[in-house]
Amino acid sequence: MLRDDAQYVRKHKYPGGYNGPSYQSHTPIKAANGIQLLQIPTKHDNHSSIAETQLNNNTDWPELHLKTIRLAYGKAPFFTTIYPQLENLLTKKYVSLADLNISTISWALSQLNMQGTKARLKNITQGSQSQYIKLNQKASATEKILGLCQEVAATEYYCGGTAVDAYLDRALLEKNGIKVIIQDWACPEYKQRFMKQHGWLPNLSIIDLLMNVDPGAVRSILISTA
């Protein structure tokens, strides 16, 4: 389930206590000058959900992003395969941030060639379509997560350290039989561009992985336990 009912924020707290740009509308790639963020311009209202957050299409941000990607990855091994797909993806018109996120996440998943991926893509649902969320708009963040888990009969909730530090009531979930698993996976090193200038840079967009790594090895990297 894609949680497009969650509040949209430009920045939030990360593990370690520092505030930084939210990945909700910022995508980090590796360019000649190091990490560069592809930022989606939005019409932001306070307390809007991701589904309610509209894109600001008064600027030609898709072409700016594509130009940045061309400069960063034009000489990457798999640029000629991946770039046309990104071009097709980003030149479509999207109204909300959720629309864009659903499209790009579905595309990224489709690249992994994992067994059952097509079936899972057909079953993607949005948080705003959840019956629990529709009936419990004033529930806390953890109460919504609990309701969603119960709605699909889940017994485990897999989350990042950001959620635990920022808002998650772990005791409430565990009291109701939901095991909390904190994601601590670290991506193993793979050959990137600009290694001499910047060395290995982790936590980048999947664009970086797909541009640099043979499709047959992408899945192995993502399911590794490194």
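**Aromatic residues and the core**

A: Tyr8 sits in the segment before strand 1 (11–13); helices (H or I, at least four residues) and strands (E, at least two) are DSSP runs numbered from the N terminus. The model is predicted, so local features need pLDDT of at least 70 and side-chain atom pairs count only at pLDDT 80 or more, while totals for chains, interfaces and linings use all residues. Residues are numbered from 1 along each chain as its sequence is written, and side-chain values use heavy atoms, with hydrogens and water left out.

Tyr8 is buried, at a relative accessible area of 1% (buried is under 20%, exposed over 50%, partly exposed in between, with a 1.4 Å probe and protein chains only). Beyond four places in sequence, the contacts of Tyr8 (heavy atoms within 4.5 Å) include Gln24, Thr42, His44, Ile50 and Leu97.

The whole structure holds 2 aromatic pairs. Rings of Phe, Tyr and Trp (its six-membered ring) pair if their centres lie within 6.5 Å; planes under 30 degrees apart count as stacked, over 60 as edge-to-face and the rest as tilted. Phe79 and Tyr83 are stacked, because their ring centres are 4.9 Å apart and their planes at 20°. Both lie in helix 2 (residues 79–90), 4 residues apart, about one turn of the helix. Phe79 is buried at 14% relative accessible area, and Tyr83 is buried at 8%.

Tyr190 and Trp200 are edge-to-face, because their ring centres are 4.9 Å apart and their planes at 85°. Tyr190 is in the loop between strand 8 (179–182) and helix 9 (195–198), and Trp200 in the loop between helix 9 and helix 10 (206–212), so this pair ties together parts 10 residues apart in sequence. Tyr190 and Trp200 are both buried.

Next, the core. A nonpolar core is a set of buried Ala, Val, Leu, Ile, Met, Phe, Trp, Tyr and Cys residues joined through side-chain atoms within 4.5 Å. The largest has 35 residues, and those touching the most other members are Leu55, Ile69, Tyr73, Leu86, Leu100, Trp107 and Met211. Among the elements giving two or more residues to this core are strand 3 (26–31), helix 1, helix 3 and helix 11 (215–222). Helix 2 gives the most, with 6 residues. Not counting residues up to four places away in sequence, Ile69 touches both Phe79 and Tyr83, as well as Leu38, Gly74, Leu86, Ile207 and Met211.

The buried residues of helix 3 include Leu97, Leu100 and Trp107. Their cover includes strand 6 (54–55), helix 1 (61–73), helix 2 and helix 10.
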